[in-house]
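Here are my notes on the model you passed along, point by point.

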Amino acid sequence: MKNIAFILLYCITCFVGKAQQLSFADPLGSHMVIQQNKPFKVWGKAKPNAKVTVFADWLKSPVEVKADETGSFLGIVPVPEIAKGDFTEHQLIIESNGEKQSLTDILIGEVWICSGQSNMQFGMDEVINSAVEVSKANFPNIRLFYAGLNFSNEPIENVDGEWKVCNPESVYKFSAVGYFFGKELFKELNVPVGIVFTGIGASAAQAYVPKAVLAADNLLNDKYLQPYLRSSKSKEVIDGGFSFEKVIRPFLLYNALIHPFKNLSISGFCWYQGESNRNERTAYTHLMHTMISSWREAFAQGDLPFYFVQIAPYFYDIEDPKRAEFAFFREAQENISSVANTEMVVTMDVGNAKDLHPKNKKPIGIRLGKTALNLHYGLNNISYEGPIFDSVDFNGAKALLSFKPSSVKSGLKTNDGQPPKYFQLAGEGQIFYEAEAKIVGNKIQLSSSEVSKPVAVRYAFTNYPVTNLENGEGIPAVPFRTDDWQEPSVK
């Protein structure tokens, strides 16, 4: 039972006739989830230099801090680890200079930030079987925050949005990948889950990196920052309105959509972006390494996990099944995972070659969830890897592929009962031809009538192959190539 005295003492939150000076920061609100087992920062605005008292109903005594000369305050509240099935509703109250403000219906659990461009923004109203999925989305212990679009030349503290209880109405336009990810965590962990979506369609990765970080890196400064600062666009007055050009400008989205959350205690990040940077290679990998590092530094919670989604197969209005420029980009994406505590989720089987925004988002959210459950939460019984290439043996006209043992412990199969698709072989001439593939135990045997002595193999290494090879867990194989040949120029 709630502490009645606590509720009566602190729930009167306003005084008639006084201008309100006391407020919580925008990311903090009723119905939110607070990250368990971490210090929780309570921040906001009060009268300059005033004392602010923070009451949390799980603490025996309040926390007192002092606002600075601008009225900003920040207090740190310890948060306990909770038991499975603990869905206790909590309250958080701040008091200062005769004012009180309260947050109610707060849960303690796991909090994740989901960001990126349109395939992360893609709403539940558009997914496969949307009517059924949305109607079933009654999860009062999952909470959702949808950050409103904004841009800023300088880092800002304010952000539009509010925490909402997950139900068919609140989930309808929410990130489908984010929702299915949160639902997977909730199903396995049995604790409250909070998902923050903060991103926008068509956005480029450089838009999410702080200006000072770009300026300090020679490659990123030359490629992204200086061309923008020299342009007339950088002299414009920035407002919150959307344009396809504005969402690729450096640092503006970081300032308005990431920076406001930097004090929020979280478990980690999920990221689905890349289409707007698809013509880049090593620059994108480096950009992402830098972005991850800058976010981890800003949030100051250690090497927070960062799980990202591979761009799905798409033809970009060019009908040529042999072209591979976006396969090279996916390779650049995969190279992001050389940074500690990161992992890529594969989408090759759930794409649509003729749809930039494929509607089958549920498997992507589930795969992100399984990745987090295994790698972050230590549930080693939950598989998250698809078949990962390990080695190849060439014997005359045939090639025999082996995979990382842990990725095929459940075996190899195809999702349609047909032979594996999209394998290629090449000889010394470096011309790739379609190969016939056959599953042999946990290996793949390849041959091609066009290649008498193969020396290189590629798998799903073209622009828009929608694949069928997976392991027994239904997780698709990771695209790969065994060669290191230079990418051909594309006209």
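1. How many disulfides does the structure hold? It holds 0, taking a disulfide as a pair of cysteine sulfur atoms within 2.5 Å. Cys114 is in no disulfide, and the nearest cysteine sulfur, that of Cys270, sits 4.5 Å away. (Buried is under 20% relative accessible area, exposed over 50%, partly exposed in between, with a 1.4 Å probe and protein chains only.)

2. A word on ground rules. This is a predicted model, so local features need pLDDT of at least 70 and side-chain atom pairs count only at pLDDT 80 or more, while totals for chains, interfaces and linings use all residues. Residues are numbered from 1 along each chain as its sequence is written, and side-chain values use heavy atoms, with hydrogens and water left out.

3. A search of the whole structure turns up 1 cavity of 30 Å³ or more. Here a cavity is a set of points, on a 1 Å grid over the protein atoms alone, where a 1.4 Å probe fits but cannot get out; a pocket is an open set with protein on both sides within 12 Å along at least five of seven lines; and lining residues have an atom within 4 Å of a point. Grid points are joined across faces, edges and corners, and a volume is the space filled by probe spheres set on the points. The largest cavity comes to about 30 Å³. Its lining is Ile82, Asp86, Thr88, His90, Leu107, Ile108 and Pro192. By class that makes 4 nonpolar, 2 polar and 1 charged residues, where Ala, Val, Leu, Ile, Met, Phe, Trp, Tyr, Cys and Pro count as nonpolar, Asp, Glu, Lys and Arg as charged, and the others, Gly among them, as polar.

4. The largest pocket has a volume of about 740 Å³. It is lined by 27 residues, and the closest to its centre are Pro321, Lys322, Arg323, Gln424 and Thr462. α10 (325–334), β18 (423–426) and β19 (432–434) each supply at least two lining residues, with the largest share, 3 residues, coming from β19. (Helices, H or I with at least four residues, and strands, E with at least two, are DSSP runs numbered from the N terminus.) The lining splits into 14 nonpolar, 5 polar and 8 charged residues.

5. Which residues pair up by charge? The whole structure has 20 salt bridges, each a side-chain nitrogen of Lys or Arg within 4 Å of a carboxyl oxygen of Asp or Glu. One of them joins Lys51 and Glu64 (3.8 Å, N to O). Lys51 is in strand β4 (residues 51–56) and Glu64 in strand β5 (residues 63–66), 13 residues apart. Lys51 is partly exposed at 48%.

6. Arg367 and Asp349 also meet in a salt bridge (2.8 Å, N to O). Arg367 belongs to helix α11 (residues 362–375), whereas Asp349 is in the loop between β14 (342–345) and α11, 18 residues apart. Arg367 is buried at 9%, as is Asp349 at 15%.
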